Amino acid sequence: MANNEKKTTTFLEKIGQIPRFWIYLGLLVILMLPLILRIKAKPRMGMETKMVYDFIDSLPPGSVIMLSFTYGPSARPELEPMALAIMRHAYMRGIRVMGMTLSVEGTGLGLEAMTRVAKEFEEAGYPLTYGEDWVYLGYKTGWAMVIRGIGGDFHETFPRDYYGNDTRKMALTRDIQNYDDIALVIDFASGGSPGSWITYAYQQFDQKVAAGVTAVMGADWQPYIRTGQLVGMLNGMKAAADYEAKTIEMMEKRFGYTPKPYATVGIVSVTWAQIYLIILIIIGNISFFALRRRRRR
Amino acid sequence: MPAILTWLISWKTLAAILTLAIMSFLYKENPFYRFAEYLFVGLSAGYGFAMTYHLAMKPNLLRPFIIPLLQRIHILGGEPLPINWWYIIPTFFALCYLSVIVPKYSNIIRLPFAFLLGLGSGMAIPRSFQAAILEQLWDTILHPKGYHGYVDMSEKYGWSLTLVVVSAIIIFVSVLAVLAYFFFSKPHKGAYGKFARFGIIILMIGFGASFGSTVMARFSLLIGRLMFLLSWISGFPH
Amino acid sequence: MFLSRTLPMILVFVMGIIGFSLYFIPHPAARQFENTLSQWSIAIGSFAIFLAITSLIRRYINNIKRGKDVFYSIVALVALFGMAGLGLFAGIDEKSLFQKIFINVNVPLDATMFSLLAFYVTSAAYRAFRARNVEATLLLVTAVVVILGISTIGDTQVWLRKTAEWIMNVPNLAQKRGILIGVGLGVIATSVKIILGIERNWMGG
C-alpha cells in the first residue's frame with residue numbers, strides 16, 4: 001500500500017518533502033547573498049521607533065539619559081545597533097548618557113558598545129570626555145530592587161562606576177540624585193526587564209521609560225505603548241536599521257564621518273529570508289492541500 | 001611575522017573556530033561542539049563571578065561595611081573607609097549564602113531567600129496591580145484616568161475617527177473574550193462558549209503576530225554570525 | 001527546625017507585609033526606609049552568585065568522580081577558575097585579557113548557539129505551518145501580513161504597513177492585554193501565597 005502510494009505521488013505532493021539539508025542550504029545562500037553583494041537598505045522609520053526618536057530629539061541639550069544593556073550575546077545583533085544609534089543621536093544633540101546593566105552577560109557588551117561610540121566620535125573629530133559626556137556604571141544584582149534603589153538614592157545604588165571611580169565626584173553623576181535627574185531610561189532587553197522598569201520606575205516615580213526589544217518580544221510590549229507606560233519601542237532589527245540609517249545620515253552631514261553600518265546591511269538579508277520563509281510555507285501548504293484532496297477522493 | 005600567521009593567530013580566528021564548532025551541531029552532536037559547550041558554561045560562570053564581585057559585592061556591601069570593619073580590627077590596612085553600621089543586617093543575610101559550601105548547614109540559605117522573596121513579593125503586589133491590571137483596564141474601558149492612547153493613535157498612525165472608535169470597541173470586546181477563554185470556573189457552553197470561542201480567534205491572531213515578529217529575530221541572530229564569519233574571511237591576506 | 005522552617009516563614013511574612021504596606025505610606029521616612037531595604041537587597045543578592053558557582057563546581061566534581069565526561073568537566077572547571085581569577089586579579093577594563101576573552105570566546109559561543117534556531121524555525125514552518133482549520137488559517141494569515149508589514153517591504157507597500165500596524169495595535173494588543181491581566185493576577189496571587197506561607201516551594205521542599 002505504502003509502496004503503491006509512493007509510486008503515484010504527484011509533483012505537488014513531493015514538493016512538501018524537500019529534505020532538511022536543502023532547506024538549510026537555501027537559507028544560508030539567501031542570507032549570504034545580500035551580505036556579499038553589500039546591498040544596503042534605506043528604511044523608513046516605523047511609528048513606535050519614531051516615538052523614541054522624537055522623544056530624544058525633543059530633550060534639551062545637557063539632559064541625561066540612561067541606557068540599560070539587559071541582554072546577552074544571543075540578542076546582540078538586534079539590540080546593539082539600536083544602542084549605538086541612540087548614543088550617536090544623544091551625543092550629537094549634546095545629551096549625556098549613562099550606561100548600566102541588570103544582566104551579568106550584558107556587562108561586557110555594554111562596555112563594548114559605549115566605548116565603540118566614544119571611539120567613533122573621536123575619529124569623527126568630536127571627542128567625548130568620560131565622566132562628563134558619558135559614564136558606564138556596569139552591573140548590579142536584582143532587577144526590581146536596583147530599579148527601586150535608583151529612585152531612592154542613585155549614589156547608594158551606584159557608589160562606583162565600572163572602573164571604580166566615585167560617582168559622587170564625577171561631573172556627570174555628581175548631581176544625579178534619583179529619577180528626577182534622568183530624562184529617559186531605555187532598556188535594551190532580551191527578556192522581561194522592561195516590565196520591571198515599568199512597574200518600579202514608571203509606576204512609582206513617573207520615570208519615562210522606552211524599550212528596545214528583540215523581535216521575539218515585540219508584540220508582547222505593544223499594550224504598554226498605548227497606555228503611555230512606554231514612550232516608544234524599538235522592535236528588532238528593522239527598528240535598529242531605521243534608527244541606524246537616520247544617525248549615520250546625521251553623522252555624515254555634520255562630521256563627514258560614516259560609522260560602520262550594521263543593521264542597515266543585515267536587514268536586507270532578513271527581508272530576503274522572510275520572503276524565502278513565506279514561499280516555503282506556501283509550498284508546504286500547496287502540497288498539504290494536494291495530499292488532502294487525494295485522500296478525500 | 002608573515003601576514004598569514006598574524007591572521008591565523010588572532011582573536012578573530014579563535015572566535016571563528018568556536019563559531020564553526022557550535023555550528024557543527026547542525027550536522028550532529030560531536031566532540032567539538034561538546035568542548036565548546038562546556039567551555040562556554042565554565043567561562044560564563046567565571047565571568048559572572050568576577051563581575052558580580054567587582055560591580056555589586058564590593059561597592060554595595062564590602063565597602064560600606066565589611067572592609068571598614070576589617071580595617072577597624074586591624075586585619076586590613078589602607079586608607080580608613082567610613083563605616084555604615086546598619087549594613088550589619090544585610091551582611092548577616094549575605095554571609096548566610098556561604099552556608100552552601102557546607103551541605104550540613106545549607107538550610108541557613110533560606111534566611112536570605114526569605115528576606116528577598118518576602119520583600120519582593122510584598123513590593124510587587126501593589127505595583128503589579130497598578131502596571132499590569134489598572135492601567136490596562138483604564139485604557140480598555142477608555143476611563144478618563146487612563147492615558148488617551150486612542151487619541152494618540154489617530155494622530156500618529158493617521159487613523160480616521162471611525163477606525164479609532166471601531167478599534168476601541170474591538171479591543172474592549174476582545175480583551176473580555178480572551179479573559180473569558182481563560183476563565184475555567186464556568187463551563188464553555190452556550191452563549192458563553194461562543195464568546196470564549198471568539199477569544200480563541202483573538203488568541204490565534206495574537207500568536208500569529210508574535211510569530212511574524214519572532215521570525216525577524218531568529219534570522220537576525222544568524223545574520224550576526226554570518227557577518228562575523230565574512231569579516232573574518234575578508235581579513236585573509238591576499 | 002526553628003532555624004530551617006519557622007524562622008524563614010516568619011521572616012517572609014514580616015518582610016512581605018513591610019514591602020506591601022510601605023507603598024501606601026507617603027511619609028518621607030517610609031520612602032527612606034523602603035529605599036534602605038532596596039539597597040540592602042542589592043547587597044544581599046550579590047552573594048547569591050556563591051550558590052550558583054558552588055552547585056556548578058559540585059556538579060563537575062561529581063562528574064569527574066563518577067568518571068562521566070571527565071575531560072569536558074575539567075575543561076569547564078579550568079575555564080571557570082581561570083576566568084574568575086583573571087577578572088579578580090588582572091583588571092576588567094576594555095583592554096584587559098578578561099574582556100578580550102569575553103568578547104572573542106563567550107560572545108561567539110553564546111550567539112552561535114542561538115543563531116541555529118533560524119534553521120529550525122525555517123524547517124519547522126515549512127513542515128508544520130498548515131492551514132488545517134479556521135484557527136490555524138488565521139494564525140498563518142496574520143503571521144504573513146505581520147512578517148511583510150513590519151519588514152522593509154512595508155516601507156514601500158503602505159497598505160501592508162498599515163494593516164500590520166492595525167493588527168499589532170488592535171487584535172494583538174487585545175490578546176496580549178488579556179494575557180497580561182491574567183499574568184498580573186497570577187503574580188499577585190502567588191505573592192500573597194508566598195507571604196502567607198501557603199506557597200513553600202522556594203524552601204526546596
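Modeller: Let's begin with a helix pair: Arg76(A), Glu80(A), Ala83(A), Leu84(A), Met87(A), Arg88(A) and Tyr91(A) of helix 5 of chain A meet Leu109(A), Ala113(A), Arg116(A), Val117(A) and Phe121(A) of helix 6 of chain A. Contact is counted if C-beta atoms, placed from the backbone, lie within 7 Å. Helices (H or I, at least four residues) and strands (E, at least two) are DSSP runs, numbered from the N terminus. This is a predicted model: local features need pLDDT of at least 70, side-chain atom pairs count only at pLDDT 80 or more, and totals for chains, interfaces and linings use all residues. Residues are numbered from 1 along each chain as its sequence is written, with chains lettered from A and ligands numbered from 1 in the order in which they are written.

Biologist: At what angle do the axes of helix 5 and helix 6 of chain A cross?

Modeller: Two packed helices are described by the angle between their axes and the distance between the axes. Here the axes of helix 5 (residues 76–92) and helix 6 (residues 106–123) of chain A come within 10 Å and cross at roughly 40°. That makes helix 5 of chain A oblique to helix 6 of chain A. Angles under 35 degrees count as roughly parallel, over 145 as roughly antiparallel, 65 to 115 as roughly perpendicular and the rest as oblique. Axes are lines fitted to C-alpha atoms, for helices over the stretch in contact, and angles run from 0 to 180 degrees between N-to-C directions.

Biologist: What is the strand order of the open sheet in chain A?

Modeller: Strands of a sheet pair through backbone hydrogen bonds, either parallel or antiparallel. This open sheet of six strands has the order 3-2-1-4-5-6 in chain A, with parallel pairing; pairing needs at least two DSSP bridges. Its edge strands are strand 3 and strand 6 (233–235) of chain A. Strand 2 (residues 96–101) and strand 3 of chain A pair over five bridges, and Met100(A) stands opposite Gly138(A) in strand 3.

Biologist: How many residues of chain A are in contact with chain B?

Modeller: 44 residues of chain A are in contact with 38 residues of chain B. Helix 14 (263–296) of chain A is among the elements that each supply at least two residues of that side, and its share, six residues, is the largest.

Definitions and conventions: Contact = placed C-beta atoms within 7 Å.
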